[in-house]
Amino acid sequence: MSLSPRFTTLVGASALMIGSSASADVTAAQVWEDWQRSLAIYGEDTISIGSTSMIGDTLTVSDVTMRLVDETTTTIIDMGDMVFTEAGDGTVDVTLPEQYPIIATNEDGSGGVRMTVTQGGLTTKVSGDPSRLVYDISAERYAFSMDEITVDDTTIDMDVRIGVNDMSGTYISEPGDIGVYGYILDAGSLDFVVDTPEGENNQDRVTVVGQASNLSINFDYTVPAGGISENPAELFSSGLTLNGGYAYDGADMTIDMVSDGASFSTKLGLANSAQQYDISDNMLRYSGESNGVSIDATGASLPFPIAMTLAAFSSSFVMPMGETDEPADFGISLGIEDLQVSDMIWSMLDPTNALPHDPATLLFELSGKMRLLMDGALAQEQLLENDGAVPAEVYSLDLDTLKLDIIGALLTGEGSFTFDNSDLDSFDGMPRPEGTATFTLTGLNALIDNLVSMGLVPADQAMMGRMMTGMFARSTGDDELTTTVEINGQGHVIANGQRLQ
């Protein structure tokens, strides 16, 4: 069974069901109009209602249903009745059902999914004016549960639940030719459970249980008046932008597996974590970091329990999303700081205790300028098809950070290169680079001695390795080697004065 990617937009639709006061007045009819406009981004014909009635200061909208249809899936969200009550002070209170179902069915009859959204203790107050409505929200618990999954008329014994507790926040709606929407939510905790069968006969199981505390979520997006395009190549060029992220403290997760009668368990802990992203027509940015990571694994297939810790793990990237007239920024980074493994692992890797058991660190950061020659989605397609088309031109590349500290050796480096895209001959179809990079390696001789004493490297091969490094590096300190790699304007590659090409 496969579900349509459009099914993922249900989170956005559900956010409206839960969405700082402002000075002007707003009426019940205006709030209902804003909801219809927001839901219509999924298509003008997606909303149906049973009836509406205005009695006194209360507008009741009955039997509200969303129907999303594409080539593979039909999704129906039965929102029930909505009540909009004018409070008399220029604000409107919104009352929603405590639960509503979401049913997605594959068009080919191969299966489907039934979910339930629960919004316990939900309160929503709307203020502002029709040009900018502010929804102040709170809920004791807001949760999704997967009630039933079927594949080819067979019901899968699966339990999937996720919920946030003690939630509060603000949702802002600013309609227009380009609608601007966004919300900020805080929650005391989040919890989730995934319990699913595995294997050919569904005899094995995987159970994932986790929780996080002090959760905060922010999400802003703009939507063109014509709605969201279903064509991936036009998704962002039509005016859609996404910006958001999340952060939490004190998270942990347990993964238990049973396979062929044997059990396996992994526990993951995090002191805190955060991610942020920004997607538009011309740029994609992402950054994430987790601190205080711990991993513990036990199982019948493991010779002993495995434990490791990590002070920090981080990653980021930036790249243009669409065809660019001028070179644009791109970059990527990866950080693994103070990785430590348990003594049991070291006893297997280094039984004679010959190597330093200090924490390992890898820091890597590249940046530069590039120009996409086609839309981002088309460029990805060209790369996957490998049809020889060049989707991009690189103009510069900087090695901003390189640090690898492991088993007593330390490698650092930095460098900067430019590229001549008019010269594709000097480097066999690759734009000709020009620039320098410098690398320093400390502790290599001590590491080689340790590997020889452990019997992992023969002494004659170690001698050959030392001779090779001496040809292309110079001694700059106690067991420290430095090499500078240069590529000049003639396409010559030179390492410490030795021409390699």
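## How H5 and H6 pack

Let's start with a helix pair: the axes of helix H5 (residues 444-453) and helix H6 (residues 459-472) cross at roughly 165° and come within 10 Å of each other. Angles over 145 degrees count as roughly antiparallel, so H5 is roughly antiparallel to H6. As for handedness, the crossing of H5 and H6 is right-handed. Keep in mind that this is a predicted model.

Which residues in H5 meet H6? On the H5 side they are Leu-444, Asn-445, Ile-448, Asp-449 and Val-452, and their partners in H6 are Ala-459, Ala-462, Arg-466 and Thr-469. Sorted by class, the contact of H5 with H6 is made up of five nonpolar, two polar and two charged residues.

Asn-214 isn't a glycine, yet its phi is positive, at about 50°. You'll find Asn-214 in strand S13, which covers residues 204-224.

Now for Asp-479, a residue other than glycine with a positive phi near 50°. Where does Asp-479 lie? Look in the loop between strand S23 (474-477) and strand S24 (480-487). Its relative accessibility is 21%, so Asp-479 counts as partly exposed; the buried class would need a value under 20%.

How values were computed: Residues numbered from 1 in each chain as written. Predicted model: local features only at pLDDT ≥ 70, side-chain atom pairs only at ≥ 80, totals over all residues. Heavy atoms only, no water. Axes fitted to C-alpha atoms, helices over the stretch in contact; angles between N-to-C directions. Helix = DSSP H or I, 4+ residues; strand = E, 2+ residues; numbered from the N terminus. Parallel < 35°, antiparallel > 145°, perpendicular 65-115°, else oblique. Left-handed = near helix turned anticlockwise from the far one by under 90°. Contact = heavy atoms within 4.5 Å. Nonpolar A, V, L, I, M, F, W, Y, C, P; charged D, E, K, R; others polar. Buried < 20%, exposed > 50% of the residue type's maximum accessible area, 1.4 Å probe, protein only.
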